Amino acid sequence: MEFMIPGLILGFAASRGRFCLNSGFADAAFKADFRKVNILLVAVLIQSVFAVIYVFHGSIPALAPLNLLVLAVGGFLFGMVMPVSGGCPGGIMFKATEGQLPAISALTGFLLAMGVFYATPVAAQLESLHGYYAVGDVRIVGTGIFIWSAIAFVLLAYLLFFVKDARPEGAKWSWKQAGMAIGAAAVIYSSLSLMRPGAAPLGFMPGFISAWNLRLAPEVWFVGAAFAGATVAAVTKGGFSFQHAPFSVYLKRLVGGFFLGAAASLAAGCNVGYGLTFLPYLSLHALIAMTAIFLGRITSEKIKRRFS
């Protein structure tokens, strides 16, 4: 149950900072608005500063070998589908806890996809696909991790002390506040994992998968607490109210959520897991996944602008 602590912090901070990379990536690319991307950057750099501890303790989260093309395609499709589902998994989470019924529909679709791809015979086919010409993950190790942690510390200090702070649109917290809180949640989760080697890496997918397979694992407590934290944030800021939409919107979000989950399954992770757990170690898989997600989101936005 101790994994509820980072979950509560992350959920609360994500809601208060309106942390969602669906709009975050699009805003950065088309409006030069980096407020939401900066939340991720601060959180990643905080994790990177502490990465040296986890590397030399031998407790860095494991990533199974993957087919890099499948990973890239899954990430790209994930980015493409994010606007259809109305957000990334984190964004959908805090919107759902605010009573936005279309977000609840998207979340339902995402959960259904987790069940189909990880709790049915399809799981074996997915594992086989991931294992076809699989490449092991490559990360910075040895002396390099000291150098990277030092660089991360300098970059973090620059962002926090020399870059102007601002609140993302509709947010109660600034990007610095949200980024530090989410980074702290990630560090706490990683630190707790030192004492629980069997815990899955931080992310929403591991919790959903364990829940589908009826395992009350630490990641399930984490995800449940993240929803609780986001709910507390919504209620205490007076932002909770059931928001209805036409049936077509519910259907769009449901289908979008399902395909978002399908793409995340193909990529063996989503932006939360790859971004907060593996990117701090400069993981090859994480770099490919996050780049592909960004490119997919930019492509979807260009298509939307071209035909709207």
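A pocket is an open set of points, on a 1 Å grid over the protein atoms alone, with protein on both sides within 12 Å along at least five of seven lines, and its lining residues have an atom within 4 Å of a point. The model is predicted, so local features need pLDDT of at least 70 and side-chain atom pairs count only at pLDDT 80 or more, while totals for chains, interfaces and linings use all residues. Residues are numbered from 1 along each chain as its sequence is written, and side-chain values use heavy atoms, with hydrogens and water left out.

The second largest pocket is lined by 18 residues, and Ser23, Ala26, Arg297, Glu301 and Lys304 lie nearest its centre. Two or more lining residues come from each of helices H2 (21-31), H3 (35-57), H4 (68-85) and H14 (284-307); helices are DSSP runs of H or I with at least four residues, numbered from the N terminus. The space in this second largest pocket is about 390 Å³, where a volume is the space filled by probe spheres set on the points. Its lining divides into 11 charged, 4 nonpolar and 3 polar residues. Here Asp, Glu, Lys and Arg count as charged, Ala, Val, Leu, Ile, Met, Phe, Trp, Tyr, Cys and Pro as nonpolar, and the others, Gly among them, as polar.

The largest pocket holds about 690 Å³ of space. Of its 28 lining residues, Leu63, Tyr118, Pro206, Ile209 and Ala268 lie nearest the centre. Helices H6 (101-118), H7 (122-131), H10 (204-212) and H13 (271-278) each give two or more residues to this lining, and H7 gives the most, with 5 residues. By class, the lining of the largest pocket has 19 nonpolar, 6 polar and 3 charged residues.

Helix H12 (residues 247-267) supplies the largest share of the patch, 5 residues. Phe259 is found in H12 and counts as partly exposed because its relative accessibility is 47%, between the limits for buried (under 20%) and exposed (over 50%), with a 1.4 Å probe and protein chains only.

Helix H5 (residues 89-97) is largely enclosed by the rest of the structure, because 9 of its 9 residues are buried. Among them are Ile92, Phe94 and Lys95. Just after H5, Gly99 takes a positive phi of about 90°.

Technical notes: 1 Å grid on protein atoms, 1.4 Å probe; cavity = no way out; pocket = protein on both sides within 12 Å on 5 of 7 lines; lining within 4 Å.
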